[in-house]
Amino acid sequence: LNVGAVARAMRNLGFSDLRLVAPPAYDRETAEVTALHATPILDALTFHPTFPDAIADAEQVVVFSERPAENPAHSFTLPGW
């Protein structure tokens, strides 16, 4: 359900390139439950074994997490970003 919710939020914010890093499990049908109008993002998502692999070709990276920032100097709140 979380992947679908992320895809929906990405669509609402204008993002489209969803990359999953070593997910322990992924079920497309479950993701579709919360992905309202964001199935194209689910269609195009990619899987990567590590975070460096996932961002190797990226010029800019935006990561959302509930975890506390390890390096607060590189951490922003959404309004601040």
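Exposed here means over 50% relative accessible area, buried means under 20%, and partly exposed lies in between. The model shown is predicted.

**View 1. The salt bridge between D57 and R19.** D57 pairs with R19 in a salt bridge. Their closest N and O atoms are 2.7 Å apart. D57 has a relative accessible area of 59%, so D57 is exposed. R19 reaches 26% and therefore counts as partly exposed.

**View 2. A network around R19.** Salt bridges join D17, R19 and D57 into a network. Side chains of opposite charge can pair when their charged atoms come close.

**View 3. The salt bridge between E32 and R28.** The side chains of E32 and R28 meet at 2.7 Å, N to O. Both residues lie in helix 2 (residues 28-34). They are 4 residues apart, about one turn of the helix. E32 is partly exposed, because its relative accessibility is 37%. R28 is also partly exposed, at 26%.

**View 4. The salt bridge between R28 and D43.** R28 forms a salt bridge with D43 too, with the closest N and O atoms 2.6 Å apart. This pair links distant parts of the chain: R28 in helix 2 and D43 in helix 3 (residues 39-44). The two are 15 residues apart. D43 is exposed, because its relative accessible area is 55%.

**View 5. The whole set.** The model holds 4 salt bridges. Among them are the pairs D57 with R19, E32 with R28 and R28 with D43.

Note on methods:
Residues are numbered from 1 along each chain as its sequence is written. This is a predicted model: local features need pLDDT of at least 70, side-chain atom pairs count only at pLDDT 80 or more; totals for chains, interfaces and linings use all residues. Side-chain values use heavy atoms; hydrogens and water are left out. Buried means under 20% relative accessible area, exposed over 50%, partly exposed in between (1.4 Å probe, protein chains only).
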